[in-house]
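Please read the following report alongside the sequence and the coordinates.

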Amino acid sequence: MRMRFSNSSSVPILDGATFIRSLEGIHEYRLDSNGLQILLAPDATTPVAGLMVTYRVGSRNEAVGYTGATHLLEHLMFKGSKNFNKAKGNTIWELLETKGALVNATTWNDRTNYYAVVPQEYLPSAIALEADRMRRANIVEEDRQSEMPIVRNEFERGENKMMHALDKQLWALAYTAHPYHHPTIGWRSDIENVSIERLKKFYDDFYHPDNATVSVVGSFDSEATLAAIIKEFGVHSKAPISSAKIYTEEPKQEGERRAVIKRAGHSNMVAIAHKIPAATDPDMPAILMLAFILGASKTSRLYRALIDTALATDVSTTCYQFRDPSLLISYITLTPRTRHEAMEKRLKQEFQKIISKGVTTQELTQAKRFLRAYVASRRDGPYALLENLNEEIATGDWARFVTLPQALMRVTAKEVQKVAKKYLIDDQSTVGYFIGTNA
């Protein structure tokens, strides 16, 4: 294999992979044979290397009858592949975990990832293993039967959590057509009854190199690692048919929606969700800043208005950054003396204050200070970097990892007020009550 270097730096260029660009020490390549995206971010100051394979498939790609397929496949793909399995004594657990590696996977709306943080000398083994299960995973009925009860138990544990139960209902009500309607773990009946044939088809539809990104961070030899990726992943072909495009758009909401959950519990909660655009929309930096100002810290609007006045025990505002239009949700856990209706009214008053009067320079400064600490934490070790790169890959633009912090620092108070007026609209909201019957 012939090795060259790009004109602008000492970034290695090998036959078989095309160098695309570099941003803040992250180098992007494209595998010529099959379109696999590769991101390399070497850092000699850390003693380990991190590898993550991000597939652009999640609950967004599921439908009735096989919701939760991505998550169930996540479990099955740890059961072995053609060249790495229990019979050969080289499963992921034997090959990597016994050597001190951290290995796992996570599933969400727009993506699934499989990762390993390993001592540098085991990185080639991790690359070979991930390449093998990309197209050669053993997806068999015996493993589905053994893993299904485990996944169902995860589902049931979530049902016992107040915020999880309310959150699931908010998304299901806010989205009537788009697949964000479905919970990532799936609906219980689908978890229990999906066939192994349907899971295999889902695997064959989406788990291909041209629908994936391989990211490597930490301490590793860039040339040797790129060569290993070309060798191991280059054996796979592009998907025979391009992954099914999600073309369903959520119809315009024409009025406030409401969800009420009554079940055993010792606490009560109110949540209000507002429709917001996709992560890559130009409004997103200001919406994120709005979320920071509303509920990110003890100096936030909702903390001071609701916790300092003993109306609530916990507050948070989350801006979900997804590939398609998403939700901004404020969650409030009530004190025993606070009524749901009174909290809903008070929460809407706080929204209206920002809409009518905007935010202060001090609030914006505090939010940006909070942001700087968050941005620094995204590179705090190989896993942190992998995790945060992974979320931007899912939005469709990994470069947001670099560009978003800069955009956030440019947000003005006027822009925050503008997005509050644009998106904190009652007719575009979903209100949820969790009523604990033992509260």
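In this predicted model, V53 stands opposite Y114 of strand β8, and the two strands concerned, β6 and β8, pair in the antiparallel sense over 8 bridges. Y114 also has a bridge partner in A105. Strand β7, which covers residues 102-107, is joined to β8 by 6 bridges and runs antiparallel to it, and a hairpin of 4 residues leads from β7 to β8. Of the 8 residues of β8, 7 are buried, so this strand is largely enclosed by the rest of the structure.

Because Y55 belongs to β6 (residues 48-55) and Y114 to β8 (residues 112-119), the pair ties together parts that are 59 residues apart in sequence. Y55 has a relative accessibility of 0% and therefore counts as buried, and Y114 is likewise buried, with a relative accessible area of 0%. Ring pairs extend this contact into a cluster made up of Y55, F78, W93, Y114, Y203 and Y207.

A further aromatic pair is formed by Y320 and F322, and this one is tilted, with 5.9 Å from centre to centre and 45° between the planes. Y320 is buried at a relative accessible area of 13%, while F322 counts as buried at 2% relative accessibility. The two pairs are set out below.

| Ring pair | Centre distance | Angle between planes | Geometry |
|---|---|---|---|
| Y320 and F322 | 5.9 Å | 45° | tilted |

The charged end of R198 sits over the ring of Y66, at 3.7 Å from the ring centre, and K275 lies over the face of Y175, where the distance to the ring centre is 5.4 Å.

Another part of the structure is an open sheet of 5 strands, arranged in the order β10-β14-β11-β13-β12 with mixed pairing. Its edge strands are β10 (257-263) and β12 (312-319), each of which pairs on one side only. On average, and with direction ignored, neighbouring strands of this sheet are turned by 10° against each other. Strand β10 runs parallel to β14 (residues 429-436), to which it is joined by 7 bridges, and within this pairing K262 stands opposite I435 of β14.

Which helix packs on this sheet, and which strands does the helix touch? Helix α5, formed by residues 162-174, packs there and touches β10, β11 (269-276), β12, β13 (326-334) and β14, with its direction at about 150° to that of β14. The helix has 13 residues and reaches 18 Å from its first C-alpha to its last, close to the 18 Å expected at 1.5 Å a residue.

Definitions and conventions: Residues numbered from 1 in each chain as written. Predicted model: local features only at pLDDT ≥ 70, side-chain atom pairs only at ≥ 80, totals over all residues. Heavy atoms only, no water. Pairing = 2+ DSSP bridges. Axes fitted to C-alpha atoms, helices over the stretch in contact; angles between N-to-C directions. Contact = heavy atoms within 4.5 Å. Buried < 20%, exposed > 50% of the residue type's maximum accessible area, 1.4 Å probe, protein only. Phe/Tyr/Trp six-rings, centres within 6.5 Å; stacked < 30°, edge-to-face > 60°. Lys NZ or Arg CZ within 6 Å of the ring centre and 35° of its normal. Expected span 1.5 Å × (residues − 1).
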